[in-house]
Amino acid sequence: MVTPNDCILHLPLRYEDETRIVPIGSLRPGAPAQVEGEILRSEVLFRPRRQLTAVMADDSGELQLRWLNFYPSQQKQLTPGRRLRARGEVRGGLFGREMVHPRMTSADAALPEALTPVYPSTEGLTQPSLRKAIAQALDQADLSDTLPDEALQRYTLMPFAPAIRLLHAPPPGVSEQDLIERGHPAWHRIKFDELLAQQLSLAAARAARRSIRAVPLPLQASPSDAADLVARLYRALPFTLTAAQQRVIKEISADLAQPYPMHRLLQGDVGSGKTVVAAVAAAQAIACGAQVALMAPTEILAEQHFHKLVSWLQPLGVNVAWLSGSQTAKARRESAAGAADGSIQLLVGTQALIQDHVEFQRLGLSIVDEQHRFGVGQRLALTRKGEVSPDQAEQIPTIPHQLNMSATPIPRTLAMTFFADLDVSVIDELPPGRTPVVTKLVSDNRREEVIAHIANAVRQGQQAYWVCPLVEESEALQLQTAVDTYDAMCADLPDLRIGMVHGRLAQTEKAAVMQAFRDGDIDLLVATTVIEVGVDVPKASLMVIEHAERFGLAQLHQLRGRVGRGSAESVCVLLYQTPLSQIARQRLRAMFETNDGFEIARRDLELRGPGEFLGTRQSGMALLRFADLESDVGIAEQAREAAAWLRADHPDAVAAHLARWMRGREDFLRT
């Protein structure tokens, strides 16, 4: 904490009611209480373990007190005959009611008039010192309202100063339940302020982006350029685009023509055809003389994009190249040199694209697939590869257009809040011929039955995946599981052609195995989660996910999306081990009940919070401290409306509000 303003916004986690004394005789196990009485006796026991015990009594009964860890000073405090207060949770013990590790104070002190706040803390920072610092801050900080009176009336809000003072020191009569459940009007004001600050910051980020330059890449650059290359690409495609694909291509094309950078999120469920949309956008940019970079989180996914883009664009004269960490040093040098001299028009790769030595001559469009799998810094690093600093182009920096793609649909509440500064395009229909995947939940004790069913289906000409679990986040354990499963399958099913792919294989080996699976030379592919995104084998119609309870909901949905890519009916078997945790049960139920990526994303948000969707989990920073995206969606809608109104009519209020709430956090949100 640095300023009084930081202190006043450090709000209590809960409250303790120290305003009243409860008779010992009325205590109920399981509830916290404060009692006052005389110490009858105290002693140190050594069996079953060393502990300090005491008995306190008032007119209504006796209470056992117990400390398993104690100091000599505590022992001295418990002198028989002395009157003390004890506060703690009441338990039912062997010898009647007891408190373990109660907090002891003198009976002479005046009782507080307000509930006692309990603050989030770290080791070495005590509650009394926190309370003292926050009380001082409340006297020193500027508590004047950042919002005009009209806003308080329009949205039925408490003024800021009374709201913040009430939360730090609730007066007698305030409902403790309302405070704990954050339903009190004071909490409503704080949540509104926090969501409003977020909306104002994102609106400012959007406006700031509009003030930055980008090289316009219009479809009609000249009679023979962009429109011609894009038209030739359409003619060369072996399929017809869906109406949804055509709609989002139009939106992206219009963005690319602007003199400010596109910042668009393309979202569509697994298999909806995002890669071809990216190819059309790339063709438009390349025909205007720009280079394009496409970055994907795994080599398998990046390589698949590469092969598709080569098959579509290379026959049209576009130079498409590949860059990854597993290439030879010579191959990497050649790709980097081609990017630097401009001869490579489209460079596809992994995080290798953002290494310092990789430079582009005229990067005009950066495409990031599965954008939430990258950290904020990694996504920015790719954009910076095409940044032209102000001293080279007047006083305004020029940056590339940016297209982010995600197969994890963004729930409405996130789109309205954290993605409010992004333009979002949604591919909301699947290409014709795609059949819904049937999902079956099967207990692990029926494993042999599942193996027999898969073997039988494969012998009749189908292809199948067998996905091994991520075990305790350990690659080594995950690899061992895959190897063991592969060995066991080969021994049990000698007549089948079985392959294996995992993260530790050299890229050339991975590519060879995947190609053999695509070509139908492998019947059953044992795999780890490296096949989670992007693997496209239309003939594969069966999948078994082992220990499905260990996977996240988005990951299960992504894995299931690897089947159902052809016309045959596809089945995904989720093998689970009992007992199931509550969250695992909810995940598996969601997978069984729906194939809709948006519904799955909504349930995933409920279970895991927003960090996974945003690619900010690794930042360690709380995205929202007080508001909850699921339960406070109504407040978020009001805050969004208020942000537009205040930016138009009350710029001073906007500046004051951001100064109070967003100090040091704007850049984090804008990424």
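**Briefing: a predicted protein model**

The protein exposes about 30,100 Å², and carbon and sulfur atoms supply 51% of that area. Areas come from the Shrake-Rupley method with a 1.4 Å probe. This is a predicted model: local features need pLDDT of at least 70, side-chain atom pairs count only at pLDDT 80 or more, and totals for chains, interfaces and linings use all residues. Residues are numbered from 1 along each chain as its sequence is written, and side-chain values use heavy atoms, without hydrogens and water.

**Overall**
- The protein has 24 helices and 21 strands (DSSP runs: H or I of at least four residues, E of at least two).
- Of the 671 residues, 53% are buried (under 20% relative accessible area).
- Take contacts (heavy atoms within 4.5 Å) between residues at least 6 apart in sequence: 75% join residues at least 24 apart.

**Helices α10 and α11**
- Helix α10 spans residues 274-287 and helix α11 residues 299-313; they pack at about 55 degrees, axes 11 Å apart.
- Thr275, Val276, Ala279 and Ala283 in α10 meet His305, Lys308, Leu309, Trp312 and Leu313 in α11.
- By class, this contact of α10 with α11 has six nonpolar, two polar and one charged residues.

**Ser366**
- Ser366 sits in strand β13, residues 363-369.
- Ser366 is buried, at a relative accessible area of 0%.
- Beyond its neighbours within four places in sequence, Ser366 contacts Ala293, Leu382, Thr383, Pro400, His401, Gln402 and Leu403.

Terms used:
Buried < 20%, exposed > 50% of the residue type's maximum accessible area, 1.4 Å probe, protein only. Axes fitted to C-alpha atoms, helices over the stretch in contact; angles between N-to-C directions. Nonpolar A, V, L, I, M, F, W, Y, C, P; charged D, E, K, R; others polar.
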